[in-house]
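Have a look at the sequence and the model first, then read on.

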Amino acid sequence: MDSKLAAQLDGLNPQQKAVALHDGHCLAIAAPGSGKTKTLAVKAALLLSRGKSVTAVTFTRDAALELRERILAIAGQQAVSMLLVGTFHSIDLLMAFPGKQKTAMGADILRKGHSRLSRPWEIVREGSRRGFVARAIEHAELELTIEEATAVIEGIKSGHSKPETQRHAELAATYQDIMGRHGVIDFQDILLKTNEALDQGVISPLQCDHLLIDEFQGTDLAQFKWAMHHRKASVLTAVGDDDQSIYGFRRALGYKGMTDFAQQLRAETVVLGINYRSHAEVLAPAAKLIALNKERMDKALTSFKGAGGLATWERYGERLREAEAGCERARHALRAGRSFGVLARTNKRLDDLEAECIKHQVTYTRSEGGSVLKSSEMAVFLAAMSALLGLDARDADVLLSWCGVSEDDLKALHAHYGANLLKPKTKAGRKQVDLSPNGKRAFAHIERRFVEWSQVLESGGVDYVLDKILRLLTEHTDDKRSKATLEIVCNVFARSTHKSGQGTQEGKDGPGEMRARVQRIKEMIAAPSEDKKPGGNPVVLLTAHGSKGLEFDEVWILGAEDGVFPDESSSIQEERRLFYVAMTRARKMLFISAAGKAPLSPFLVETGITRMPESGILNEGQGA
């Protein structure tokens, strides 16, 4: 054994070393922050040093790349032909069509296998797939969203669930018929077709000595069956945590999958219970919470760091105040050089805090879709401000359309006035344009308002003008979520009462301040994707689901209200696991907040975390 590998092995704790050294089937129950990736990397490198071939399977491409790099950093590049690392889907495609592998990675493993498949699988494009689902929904005469229908179809295809109604059966059958006619398959079909080919002997299981599977709690029925196909050809090691099984809506087996693995393979079970990430003040309440779940594997959690952290909660009268407090804490953390993650049960709940970050120029990244910057409400509010300030006359078209001016009327206005639709006009000039009665009323109303608002804005009445624009826009939408988003967007443009921490706010005069702010937001929206990735140490906004696998010095969990977190549409055990995952992303400090009059989340009571002291700790004292 070379010195590098020996040092890595010596650096493992007794439980990690037991997993790395075990020669038979093994189930490692890995608590949050327990060093599972390090353990897998050392085990793989050790096996490679002994001349064994190794396949490691992950759920995401990023996880596969990280694990591969860590294994080869220990084992060296000379082991690459005996090592295959990838996702379930990528490895299945190589099993079916081994000739597609263009690198040396896993060459020895793939060379020993066989596949009699000749016709390549064509993967459907996502846009086409959604279109096919929509056609199947229409044919089956169902009232389902694309996402709901996809879940029904995938459940039936995988055998995880039976059709609840004849129409559900028709939905799945129609979708499969359409896919068949186009000669394409979806990503789920890659797994199902691979298992079918394995059953029929058309392809062979991977010819490797050891198969390592990460995040095993996330496996569904098809992935579990795939693993069991390799039980004779390979020694299996599964690493996962049933307490972090948060994808029940994707049919993840969680606790059942892990217990079935242990029982069917008579696998050695090892608990990795030492958490190297979180201080005891964060880990202890998280452990207290998750212990209340009934279907879970027994494990004791220990904080390696011990005391020195903080966990607390607070309720705010409204979401805006919650967002202001969260943003202020984020600014404080960034100034101190600490990473800061803001987590919420749903992506929508992040909107208020994102608006605060934009308003106070706090560097942030939003890892998932649904950014306020991308909303139609931001587009129309920005257009209204831009047109009012004379930055771009073309923006008046967006505002007028939102306010009910028809396309025919807009064509007539453009033909007569050009792009500058809201420039003051004479009464005689207005009469020359042939507009519908509704178009005349709407156009005249907005034109008058713009004259008034321009004068008010020149005198510094920023808040007055913003309120009037908000009222105008909300009058022309009946959608409650749209109205709420407009209020959030309006707050982005409101005058900042703080210094940003990265410079002072824009000029103090009304028009000058707003022109700078509007221009800055336009530039943020228009920047190429690669330029939108902030450098340094930004605040990260993401859902609790999206936070899996990440960690931050400080974490703020928004929306700890009953009916929100836990979500009533999910099981209480799954929601408790999700809250547990969110809590254990924090290294040192954990802040949990609720807003409004809704009852507090029962999870707050279950954790035993104490409320924030009246003196406050957001900017000083323990929180400094």
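## A buried glutamine and its partner

Let's start with Gln-188, which is buried, with a relative accessible area of 9% (buried means under 20% relative accessible area, exposed over 50%, and partly exposed in between, using a 1.4 Å probe and protein chains only). You'll find Gln-188 in helix H10, residues 187-200 (helices, H or I with at least four residues, and strands, E with at least two, are DSSP runs numbered from the N terminus). Setting aside neighbours within four places in sequence, Gln-188 is in contact with Glu-154, Lys-157, Ser-158 and Arg-251, where contact means heavy atoms within 4.5 Å.

Now hop over to Arg-251. This residue is buried too, at 11% relative accessible area, and belongs to the loop between strand E5 (235-240) and helix H12 (255-265). Its phi is near 70°, a positive value in a residue other than glycine.

## A word on the model

What you see is a predicted model: local features need pLDDT of at least 70, side-chain atom pairs count only at pLDDT 80 or more, and totals for chains, interfaces and linings use all residues. Residues are numbered from 1 along each chain as its sequence is written, and side-chain values use heavy atoms, with hydrogens and water left out.

Eight residues of domain 3 and five residues of domain 4 make up the contact.

Together these two domains bury about 650 Å², with 58% of that on carbon and sulfur atoms (buried area is the accessible area, with a 1.4 Å probe, that two parts lose on being put together, summed over both). On the domain 3 side, Lys-348, Ala-355 and Lys-359 lose the most area to domain 4, together 60% of what that side buries. Helix H15 (residues 351-359) gives the largest share of that side, six residues.

Most residues other than glycine have a negative phi, and most peptide bonds are trans. Gln-361 has a positive phi of about 55° although it is not a glycine. This residue sits in the loop between H15 and strand E11 (364-366), and at 27% relative accessibility it counts as partly exposed.

The peptide bond from Phe-565 to Pro-566 is cis, with omega near 25°. Look for Pro-566 in the loop between strand E13 (552-557) and helix H24 (572-583).
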